[in-house]
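Subject: Structure for your attention

Dear colleague,

Please find the structure below, together with its sequence.

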Amino acid sequence: TIIALIHRQQAALHRERYELYHIAVKTLLASWDENKELTTHEKLQYLKLDDLRRLMESIAYWVHTQGNNGDKGGTVIDCDDLLNQLTKEIRRSKRIELYQAEEEAKRFIELIKERTGLLNEQGKDCYAFVHKTFQEYLCAEEIDYRADNEDDFGIVLEHINKHPHDPHWREVLLLLVSQQRPKKAVKAIRKILNRGSDYEQWLHRDLFLAAACLAENIKELYVTDEKLGEEILRGLVDLEVSENNKIGFRVHSQIFPILSRFSETDFEKRALELLKDEGDKIDKLRLQKYRGELGEKQEAIADLIKLFTDEDRDLRLSAAFTLGQLDKDSNEVVNALIKLLTDEDSGIRSNAAFALGQLGKDSDEVIKALIKLLTDEDRDVR
């Protein structure tokens, strides 16, 4: 709903996540002041609309440090704990007496109950951010504010060093690094890459996190330090083609989604070049999937269609399945799969049918072709 609202107002959505979240937060804060209740002081005496963002950033940081007991929503906080923390923050920022801050905190909680905003009431006397995304984003904003306010980038590095592989902090760190200026971002990513975490030679967690930061596509980072991107991409490609038995299935399964994140970034072209240079060491179909993700989708589709005539049956079977994963909106893909529904090999008919089902294209031509297969002689095809 929020993204649709932003799109309606601005026509285009930002490519950078933190920019999109910035606008989303602004939209939600404005919803709290829908009837100008804050600006006319009908609800709050000391807080104004301009104060709410900083208040939400400091609260988000406090909430996030309490741990993770939410699902898609943010961490759930007891009303009394929230009241105490709001009182502290309001008293600190507005420099008022304790009783005044406490009364303002109570009024603010009443406002939360009445209006949907960044913080929502969830159950009896419990509160949480409307989605964990906002908790994470505002938490990152608070860390960045402290570092900027104290002119100490060490505050950013301290949080990176403290929570490098904690899933609860992963998105906070990505959003924190992604909004840094290029030189600081390079410093932060190198801090991650060279951290030397336990079991790094087997788990490669530092490399994967550094790559995820790089894939946030920080402006001008590519020209600030060309070696950093090259080092990370080569590390990922080396893992992709490695025959080292120390690389387990779970580690290897992370490589494709991480490299795919470089789609439409400054590093997309170089990532694909490195993969194609090692093409003889990569499964043919996996390489086509990489091409599909990294800017050569039409070329990959054409090459997969060519494989339908290959003498290797297993390759033909897999090509049909892979094609269905590349582009659900391509008529070329749909038509190629429909044609395979009449192939003499039942396995290929079956894979083509499954791929069409995955695509979910409900055209009359697709439906009619699939209905015909309900009388196929092969049970697996039916």
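This is a predicted model: local features need pLDDT of at least 70, side-chain atom pairs count only at pLDDT 80 or more; totals for chains, interfaces and linings use all residues.

Helices H7 and H8

Two packed helices are described by the angle between their axes and the distance between the axes. For H7 (residues 154–162) and H8 (residues 167–178), the angle is about 150 degrees and the axes are 10 Å apart. An angle over 145 degrees counts as roughly antiparallel, and H7 and H8 are therefore roughly antiparallel to each other. The crossing of H7 with H8 is left-handed. On the H7 side, the contact is formed by Val-156, His-159 and Ile-160, while H8 contributes Trp-169, Leu-173, Leu-176 and Val-177. Sorted by class, the residues of this contact are six nonpolar, one polar and no charged.

Helices H3 and H4

H3 (residues 49–64) and H4 (residues 79–94) pack with their axes 10 Å apart, at an angle of about 135 degrees. This angle makes H3 oblique to H4. Their crossing is right-handed. From H3, Asp-51, Leu-55, Ser-58, Ile-59 and Trp-62 take part; they meet Asp-81, Leu-82, Gln-85, Leu-86, Glu-89, Ile-90 and Lys-94 of H4. The contact of H3 with H4 comprises six nonpolar, two polar and four charged residues.

Helix H17

H17 spans residues 284–293, and its buried residues are Leu-285, Leu-287, Gln-288, Tyr-290, Arg-291 and Gly-292. Which helices do the buried residues of H17 pack against? They are H13 (226–241), H15 (255–260), H16 (268–277), H18 (297–306) and H19 (313–326). At the N-terminal end, H17 is capped by Asp-283, which has a side-chain oxygen 3.1 Å from the backbone nitrogen of Leu-285. Just after H17 comes Gly-295, with a positive phi of about 95 degrees.

Glu-240 is part of helix H13. Is Glu-240 buried or exposed? Its relative accessibility is 7%, and buried means under 20%, so Glu-240 counts as buried. The side chain of Glu-240 makes a polar contact, at 2.7 Å, with the side chain of Tyr-290, which is one of the buried residues of H17. Apart from neighbours within four places in sequence, Glu-240 is in contact with His-252, Ile-255, Leu-275, Ile-282, Arg-286 and Tyr-290.

Yours sincerely,
A colleague

Key: Residues are numbered from 1 along each chain as its sequence is written. Side-chain values use heavy atoms; hydrogens and water are left out. Axes are lines fitted to C-alpha atoms, for helices over the stretch in contact, and angles run from 0 to 180 degrees between N-to-C directions. Helices (H or I, at least four residues) and strands (E, at least two) are DSSP runs, numbered from the N terminus. Angles under 35 degrees count as roughly parallel, over 145 as roughly antiparallel, 65 to 115 as roughly perpendicular and the rest as oblique. A crossing is left-handed if the near helix is turned anticlockwise from the far one by less than a right angle, and right-handed if clockwise. Contact means heavy atoms within 4.5 Å. Ala, Val, Leu, Ile, Met, Phe, Trp, Tyr, Cys and Pro count as nonpolar, Asp, Glu, Lys and Arg as charged, and the others, Gly among them, as polar. Buried means under 20% relative accessible area, exposed over 50%, partly exposed in between (1.4 Å probe, protein chains only). A polar contact is a pair of N or O atoms within 3.5 Å; within protein, one must be able to donate a hydrogen and the other to accept it, and residues adjacent in sequence count only if both atoms are side-chain atoms.
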